[in-house]
Amino acid sequence: MSSDPWGRVDETGTVYVRTADGEKVVGSWQAGTPEEALAYFERKYEGLVVEIGLLERRVKTTDLSAKDAMAAIEHLRTQVDEHHAVGDLDALAKRLDRLVERVEARREERKAKKAQQTEEARRAKEELVAEAEQLAQSEQWRAAGERLRALVDTWKGLPRLDRKSDDELWHRFSHARSAFSKRRKAHFAALDSQREDARRVKERLAAEAEALQDSTDWGATAARYRELMAEWKAAGRAQREHEDALWNRFRGAQDVFFAARGAVFAERDAEQAENLKLKEELAAEAEKLVPVSDLKAARAAFREINERWEAIGHVPRDARSKVEGRMHAVERALQEAEETEWRRTNPEARARAAGLTGQLQDAVDKLRAQVDAARAAGNDAKADKLARELEGRQALLDQALKGLREFGG
């Protein structure tokens, strides 16, 4: 008979292993010496030790699923429980028990993490829905439409919730998008209707202008053309594809009439010279409106000057572009002043400028703190690099602050 601390072989060749519950039969060995029998079953034990060690490392260092880990543990436990090895099987069983505890703990951690991720996804989707519902009431058609498309992309990147919750939130989200689309469609349909009305009015005006172009009743026809021009301006814009063509017809008819009148009045050079003098005086009067200090008053004055201008009649052809150019320059200055005033009072532009300024200020403050920290740590190279970046951000901030001051902020 042969034995070691964990097992023995009796005279019949039966191999036993010692456990906390007493000796257990491992197997029978008839092919060699008892020492060889113990060595064989001890090697099987070492194999179990290696397998358990490998599984412990996999559980500790990899993303092995709880299901796969438990299956591997049960497989090893069966081998341990069947007592086909000689060694400290009780110790192996305890290691497997600890491994089960570790797997269960990881399972709970993953469960808690998944629950947290689900809750974060729920909050994120609820925020997306709330923003979409707010945007659904917006009349900033382009900006709101672009933002809603961005929200859809964000939604697609979030994990799914349980089906009921996900479907309910998606229904609200989708309903908000649909409501916005319907409102936008209705808005542009109304706009198209207005432009169609303008097109019909301008079709009529162009047709009347063309009917008058061969008239020789110079005074009455010229007066009617001025009335038609006023109606034209009051009609609003037609669709883009019609506006230019209608204007060319309308303006072309006027040009035909006034060219004919100019030919008849060719001999009245003295009158045209006087017209030029008067228009030069009006141009000078108009130029005094620039720079613009009171936009409303300047606009009214310019309209009044322009009405007198239109009433004067033709000037010599070679002087027309120069004197008209002076008036156009004043008109452009008024338009620029109007655009500047609009930009200055535009709350959306101001809000964007304020938001950008705030972001740049935060970036400058953060970089300045990083530079100070790097200096304090003795890392001059990093500090110099951050300082250069700070210089660039500060320049952008100064520019943004300048722009914000233009809004009066």
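Select helix H5 (residues 163-212) and helix H7 (residues 240-264): their axes come within 8 Å and cross at roughly 20°. H5 is therefore roughly parallel to H7. The terms need a word each. Helices (H or I, at least four residues) and strands (E, at least two) are DSSP runs, numbered from the N terminus. Axes are lines fitted to C-alpha atoms, for helices over the stretch in contact, and angles run from 0 to 180 degrees between N-to-C directions. Under 35 degrees counts as roughly parallel, over 145 as roughly antiparallel, 65 to 115 as roughly perpendicular, and the rest as oblique.

This is a predicted model, in which local features need pLDDT of at least 70 and side-chain atom pairs count only at pLDDT 80 or more, while totals for chains, interfaces and linings use all residues. Residues are numbered from 1 along each chain as its sequence is written, and side-chain values use heavy atoms, with hydrogens and water left out.

**Stop 1: H5 against H7**

The crossing of H5 and H7 is left-handed. That is, the near helix is turned anticlockwise from the far one by less than a right angle; clockwise would be right-handed. Now show the side chains in contact (heavy atoms within 4.5 Å). On H5, pick Arg199, Lys202, Glu203, Leu205, Ala206, Ala207, Ala209, Glu210 and Leu212. They meet His242, Glu243, Leu246, Arg249, Phe250, Ala253 and Phe257 in H7. Colour this contact of H5 with H7 by class: nine residues are nonpolar, one is polar and six are charged. Here Ala, Val, Leu, Ile, Met, Phe, Trp, Tyr, Cys and Pro count as nonpolar, Asp, Glu, Lys and Arg as charged, and the others, Gly among them, as polar.

**Stop 2: H3 against H5**

The crossing of H3 and H5 is left-handed. On H3, select Arg122, Lys125, Glu126, Leu128, Val129, Ala132, Glu133 and Leu135. Their partners in H5 are Ser165, Asp166, Leu169, Arg172, Phe173, Ala176 and Phe180. The contact of H3 with H5 has eight nonpolar, one polar and six charged residues.

**Stop 3: H4 against H5**

Bring in helix H4 (residues 141-156). The axes of H4 and H5 come within 11 Å and cross at roughly 160°. H4 is therefore roughly antiparallel to H5. The crossing of H4 and H5 is left-handed. From H4, the contact includes Trp141, Leu148 and Trp155. From H5, it includes Trp170, Phe180 and Phe188. By class, the contact of H4 with H5 has eleven nonpolar, two polar and four charged residues.

Zoom in on phenylalanine 188, in helix H5. Phenylalanine 188 is partly exposed, with a relative accessible area of 36%. Buried means under 20% relative accessible area, exposed over 50%, and partly exposed in between (1.4 Å probe, protein chains only).

**Stop 4: H5 end to end**

The 50 residues of H5 should span 74 Å at 1.5 Å a residue, and its end C-alpha atoms are 72 Å apart, which agrees. The expected span is 1.5 Å times one less than the number of residues. Buried residues of H5 include Leu169, Phe173, Ala198 and Leu205. The buried residues of H5 pack against H3, H4, helix H6 (218-234) and H7.

**Stop 5: H1**

Jump to helix H1 (residues 34-61). Its 28 residues reach 41 Å from first C-alpha to last, close to the 40 Å expected. Among its buried residues are Phe41, Tyr45, Ile52 and Gly53.

**Stop 6: two backbone details**

Most residues other than glycine have a negative phi, and most peptide bonds are trans. Select histidine 83, in the loop between helix H2 (66-81) and H3. Histidine 83 is not a glycine, yet has a positive phi of about 60°. Next, go to proline 291, in the loop between helix H8 (269-287) and H9. The peptide bond from valine 290 to proline 291 is cis, with omega near 0°.

**Stop 7: alanine 298**

Not counting residues up to four places away in sequence, alanine 298 touches Leu289, Val292 and Leu334. The C-alpha atoms of alanine 298 and leucine 334 are separated by 7.7 Å.
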